[in-house]
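Please find below a colleague's note on the model shown here.

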Amino acid sequence: MHRNTIIEVNNVVTKFGKNLVHDGLNLHVNEGEIYGFLGPSGCGKSTLMREIIMLETIKSGSISLLGHKIEKVRRRAAQKIRMQWGVLFQSNALFTSLTVSENIALSLQEYTKLSEEEIKDIVAFKIDIVGLKQFDGTLYPSEISGGMKKKAALARALVMDPKILFLDEPTSGLDPISAREFDTLILKLRELLNLSVVMVSHDLTSIHNTLDRMAVIDNKKIVAEGTLEQIKQIHSPFIERFFNEGLR
Amino acid sequence: MGSKRKVRLAIKHETDFVRFKILGEPRVECVHIIAGELKIALKEFAETTIMWDLSDLKQMDSALALLIVKDIQRAENSEIEVLLSPMEPDVEKMLAMAKKHAHFESSFEPQKEGLLQATGEDSIKRLKALGSFLGFFGEMSIIFFHSFYHLGHMRWKETTFEIYESGIKALPIIILTMFLIGVVVAYQSAAQLKIYGANIFIVDMLGISILRELAPMLTAIIIAGRSGSSYAAQIGVMKITEELDAMRTMGFDPYAFLVLPRMIALMIMMPILIFFADISGVIGGMLIAKVELGLSPSLFLERFVEVVKVKHFWIGIIKGPFFALLIATIGIYRGLQVKNDTQSIGFNTTKAVVESIFAVIICDAFFSIVFTNLGY
């Protein structure tokens, strides 16, 4: 089956001051895939993701997303791209002054002309789909647990039925049961909503359960890209340590 | 994907039913078009058998799926038959999912509370706030006296840092502002005094007003805006990021580490800042006296020594530590009141500044009455 490439990263170089973070990264993500960025901490996984979602700029190279070169994209086109993705931050980044339901409803109120009633129905649906109770919608982020916050943030990321979902360490801070539930949820959502998912992850079980393909970033370069089986064939100190010691 | 032009709800009469066919590929941002057309159509066909024709769709957004599921439910509730056309598997999947996860009965409206309830809750909140302030004040006093007996336990490093941060760094702005205040006050009074030829009295006027009232007040207001707000914001953020809790678990008393150094630093620096404010205010006045009234600095100073008693200076200086205590206490208290959301940082920082300026003015009025009645 031929699949379209939705994200393409070409020769990306990133520098913070004198600190070279990425030295020519190349990778691509296909439509419908669950793709992971792996690597030791500090290797710039999150930075790469932040570059793709236009929060950081790259020094040179190019990133194309849904057919747009994001380093050259205009304001309006950028805004259009932003409506087609959902982002789940590591710290959830829920707006603390709004209730969970208001957090989820925000984009609908801002970008669609749907009535309050219709927005409420969609919010209720998203709350249910991520596994929260309807009552949780009336609570503020400070009143719910970490796992619930994650689900609420996921519901907010999903509210516009995005094509791509970006997840920054989605299972960190979750207990193992919730983490596995989260994996199942992501797989289910991918199937139901035809999502493509890009995630940064350290969670081995999650990597096994969900990822179709992945890229391992180490020493400013991509040391391997491919399926889990392909990655395990590659000789690299990080890969050997990560997969072997982690799976003892 | 779905361009707005094509998205439409086509209504077609068939022999046994009305066909609602969705044209185009409506993404969530165009679903309102379908919703609007459906509403109009239902005025006419509310009692008729409907067929939802989704055969044109390749995939469907959840917003549209919910709209259709809701309509199907409406029809079923009034026992009207609803037919569905054959559709793509993806569309069918989405429809099934919408049906499974929909909660049309949900409401996220906050419950409205009555006047009595609101009044009661507000009163209790205020009482609790008073209680928490007293608690804070008590804890602070204990630490305060404790450190007087155990000077070795005082956090001198933090204190000197705070002296630099909130005292010495505030010096330039206080000197500049007070100089300008001296200029403005002198300029305005010079114009009046000239009329009566009472030029020399500008010295009495400036000396007493600046030393006794203007310099302490202005210093307090600047410090409240500068340090009061920063204490509230800094401690507030530390509370949100659980730094305060971390300190407690490591056995560092936040009061000893954060509160006391700030308080002591301000109480030490406030009189010194007032002293500099006095000097620059008087210099500003002196400049205007020379320019506007032709009063030479030497004559100005000679008269100054003669008429402005030293008690005025001391009264101004003595207010310093009291103002400092109020500003630091309120700023820190407000910081500790921050709850686990970002809005309360803004709220409490504003409160810190407003309340501490207000408290300073009340305190000043109190001093004014006491000193006057004591004959100073």
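**Note on the model**

1. In chain A, 65% of the contacts with a separation of 6 or more are between residues 24 or more positions apart; two residues are in contact if their C-beta atoms, placed from the backbone, lie within 7 Å. This is a predicted model, in which local features need pLDDT of at least 70, side-chain atom pairs count only at pLDDT 80 or more, and totals for chains, interfaces and linings use all residues. Residues are numbered from 1 along each chain as its sequence is written, while chains are lettered from A and ligands numbered from 1 in the order in which they are written.

2. Chain A has a radius of gyration (taken over C-alpha atoms) of 18 Å, which agrees with the value near 18 Å for a compact globule of 248 residues; the globule rule is 2.2 Å times the number of residues to the power 0.38. Its C-alpha trace spans about 55 × 45 × 40 Å along the principal axes.

3. Chain A contains 9 helices and 10 strands, taken as DSSP runs numbered from the N terminus (helices H or I, at least four residues; strands E, at least two).

4. An open, antiparallel sheet of 4 strands in chain A has the order 2-1-4-5, where pairing requires at least two DSSP bridges between two strands. Strand 2 (19-30) and strand 5 (68-69) of chain A are at the edges with a single partner strand each, so one side of each has no neighbour in the sheet.

5. Strand 1 (residues 5-16) of chain A is joined to strand 2 of chain A by 9 bridges. V13(A) has D23(A), in strand 2 of chain A, as its bridge partner.
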